[in-house]
Amino acid sequence: MTQSSPTSSVLDSQQLERIEAVHRGFLFQHLYAVACLFLASGAGATDIIVERDEDVEIVLPGRRLYVQVKTRREPLVYSDIEGAVLRFDALRKEHDSGARKGGASFFIATNAELSPSLSKRLAEKTWPSDVAVQWPGGPAVTEAALPGQWRNLGEAFAACCDLARTLPFALLAPETLVWKLAGRVMSASAGIEPHTDHTFKVAVLSEAFEQLVIQLQDFPAPPVRYRPQDHEPELVSDQRIRLIVGFSGAGKTSWVSQSALHTSDALAYFNVSEVPSTALVSSVARELAARLFGKAGVQLGEILLPGITGPQILFAIGRRLAADHVRATVVIDNAHRISDTDIRALIEPSPHLHFILLAQPGPAIAALEATLGISAEPLRGWTNETVAAEGAALGCHGDYAAYDKIIKLTGGLPLYAQNALQIAAVGYEGGVARFCRELEQQTHTVSTAQELILARIFDAYGEGDKRAVGALSLVDIPISQAEAVAVLSSSCHLDDRGVAALFRKLRLAGILQVFGVDRFKVHDAMRLLGRAHLESLGSDALLVVQRAIKDILLTQLPKHRSPERVSLLLRMFVAINEVKPLVQMATDEIFHELGYMTEITAFLERFAASEEVSAEDRFWALDGLVFAQFKKGDRELLNDRLTLMERLVADHDLGASERLAVSMKRMNFLAQQGDVAGAQAAMDTVMAALPDRPEYLRIARYNYARALFSLGAYRLCLEITGQLISEYYTLLGLTPAQVIGNNPDKIFPLLKQSEDLTDDLKHLADTLDLQAMATNRLGSPSRLERIHAMKFYSMAHALDSYVRVGQDLVDEFVERADYIGALDVFERNLLPTILRMKMASHIIPVRSQYAVVLAYSGRFEAAEAEMARLAPYESGLTEEGRTEMQRQRRHIARMRLEAPPPQWQIPHPRKKYPVNAACFCGSGKKYKKCHGRRT
């Protein structure tokens, strides 16, 4: 059966034609009204009225236009308009009588030609002068509020679209806008809300046009308690285009909104997340014009000229600002959601404007960098100090190391760090360390904002990519691409090309960070998710990765012994339960100096207590624990462990090395207790077990001198240390004169190289330190011993002792009121070292001591500010640490009331110390080249 066409089913085709003609007439009339809406503002109209007294009424200042719209297929005759002319007469009388304000003009607009009889009537003198007929081919329309003449609906629609294109900042396509307005006119003609009076107010037409000129985007409100990020960039700079990149939660919007409060430059904010790319330029131009000129006494019409395009407006704005010597910065938020082509179209026409683009990592960033010729700037996140301050405000407690762990787990991103602290405060009674421990072990029960937000990014990757990210997430230090290949080849079966492709993908997404030229690391904020995914694959998959990481670190250990790499290696040894290397490291003095013992203490304690472990391994595990315990001073625990070591030696007939090690430690322990007889007996045991080798004899003599110091025999101690210092200098191929006035980098090339060089440097520094302490106990200054000890500790990388001796040196300077010298030690040596090496256990003691010395120097505001910055850590310290902090705080307060001893005065070089004389400090230098420089 053949389907009939739509027209074949019409019962009365003539009726259909009449219906179509009626609707064509109404549509033509509605389009005419739409055109009047477009022209209204430019003509100065205040209101457009439809289908009330006439088809269209236009209210102008002092007069009103009445328009009758007629559509015909045949030429227009007088009978077609006779009713309108009669109504015009009635309306004219209303205006003449004053019932209606102002003058009146009347128009008949038609699409048809005029019949000869109508044309003749229009030419007669009796035709009203205030009634005009407009038709295609007739006289040009001179009334600004009225459109031209159209022959049909196609011309009418095209003309309306052309008028729509002249609107600045219209967000809709012209065709869409015209049809929308035609519907609005039809609704108004029916008296439907919001046009029950059939009237369009010209003042608010921008809403109908979707120009949104009056809808300004203000800067988002900054957080109630804003905390700056590390080395936070300035909002306003000379760089014209900047790209600030960070994950959601990195604090980009908070940074820009807070910074906007503190700049006097012209600023505008625009969030492009919901703006169509085709409307970006015009939308930003509208915002900028309204923001910069809408409240400055400048008519927007001077900027938004009719028919002007978005790029032209931006150029006009920039040129006007430049002429007024005003710098304007435009902040574009969520710039990653707009193509680089659209961003470029926004920036290129406005060379006088500055732009800040806020974006999240992803492929769009690389395109923006390449297109605009710029480099992305990251926000560095919160510092340890800032995280601690936030934690204290939330009721948390933790030491420097605990808050540092928060930074490593969250990347320091403000939202994630704050959320983690909130969870610790509520669910862990404020215990930051316990929360971090559970977060690392994936035993926490409350999901963090970090996991919820970044999961959207992480879950978008395939299983292979997620497995690779998980493997790399176990590595919290930058590694080379070759090392990454070694890890991923065994765990994810990726070769060089596969790893390179993965790295390119991860770098574009911001998941992989680049350090230097060729070192990489998974972003700290993403490592939490990566590690959780790897662990979800099972213990075998995890073990494969841990062993691969251990192997590459061991292979590179001779060339790369940074503290971070060694720390990671230790954690891998613990994870895969490799005992021997851990025990060997625990007996190395330098291992303790670098602060690694905290990484493996719990593991060694379990190992030393196990009956399944050999006696020799248990002994050396205990030896490492005892060595560390001597610094902490827990005498009861120290005695218990020494007793266990002695029992292991006796019960299992261990060798000479074990007997010597425990005897020397027992001797020092007894000496610290003041047990002269016991210490002497232990020394006899040491001498009996001592191998006939010079290095063993030097170590034994040092320990004996140390025991004498503990017993108060300072002069005997000095006799031994003096001899040992001379021997070590000879062993190293140095003289004291070569050390005076030279830094370690100048001294090291002079050393006699040997396998035991590091140990010899450390032992010389230990001996110099012991001599300085004994000299002080006898009431004399140490002169250069501590300064030289710091140099040798530095060359041996014995950082723990380096810092401790530096603090002792500061105390000595303070005792003789040389506060400048004390501050110099802090600012040149101690503070840079502890911050560069991230020596968490030293940061609070060193900085609090620094605050005290600032107070001695009369810099009370700086001292109190430093103590205020340390206050958030106080609740996380031990009782002894809190007591010391409180004592220092009281000491600073007391010095404000009672002035400290006056600063040590340097003698005048030309009076008591001639320039060619040796300096009084004992350095051996000429005074002019030593302390004379301070004058």
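1. Basis. In this predicted model, local features need pLDDT of at least 70 and side-chain atom pairs count only at pLDDT 80 or more, while totals for chains, interfaces and linings use all residues. Residues are numbered from 1 along each chain as its sequence is written, and side-chain values use heavy atoms, with hydrogens and water left out.

2. Six strands make an open sheet of mixed pairing, in the order 5-4-3-2-1-6. Strands are DSSP runs of E, at least two residues, and helices are runs of H or I, at least four residues, numbered from the N terminus. Two strands pair if DSSP finds at least two bridges between them. Strand 5 (131–134) and strand 6 (199–201) are the edge strands, each pairing on one side only. From one strand to the next, the twist averages 20°.

3. Strand 1. Strand 1 (residues 47–50) is antiparallel to strand 6, with three bridges, and Ile49 has Thr199 as its bridge partner there. With strand 2, strand 1 again pairs in the antiparallel sense, over four bridges; Ile48 is partnered with Ile58. The hairpin of these two strands has five residues between them, and Glu51 in it takes a positive phi near 50°.

4. Strand 2. Five of the five residues of strand 2 are buried, so the strand is largely enclosed by the rest of the structure. Buried means under 20% relative accessible area, exposed over 50%, and partly exposed in between, using a 1.4 Å probe and protein chains only. In a regular strand, side chains alternate between the two faces of the sheet. Here Val56, Ile58 and Leu60 are buried on one side, and Glu57 and Val59 on the other.

5. Helix 1 (residues 13–43) lies across strands including strand 2 (56–60), strand 3 (63–70) and strand 4 (103–110), and runs at about 10° to strand 2. Axes are lines fitted to C-alpha atoms, for helices over the stretch in contact (heavy atoms within 4.5 Å), and angles run from 0 to 180 degrees between N-to-C directions.

6. Cysteines. The structure has zero disulfides, a disulfide being a pair of cysteine sulfur atoms within 2.5 Å. The closest cysteine sulfur to that of Cys161 is in Cys160, at 7.1 Å, which is too far for a bond. Cys161 counts as buried at 4% relative accessibility, and Cys717 is buried at 0%.

7. Aromatic pairs. The whole structure contains 15 aromatic pairs. Rings of Phe, Tyr and Trp (its six-membered ring) pair if their centres lie within 6.5 Å; planes under 30 degrees apart count as stacked, over 60 as edge-to-face and the rest as tilted. Phe28 and Trp150 are edge-to-face, at 5.7 Å centre to centre and 70° between the planes. Phe28 lies in helix 1 and Trp150 in the loop between strand 5 and helix 4 (153–165), so the pair ties together parts 122 residues apart in sequence. Both Phe28 and Trp150 are buried. Tyr66 and Phe106 are stacked, 5.4 Å centre to centre with 20° between the planes. This pair links strand 3 and strand 4 across 40 residues.
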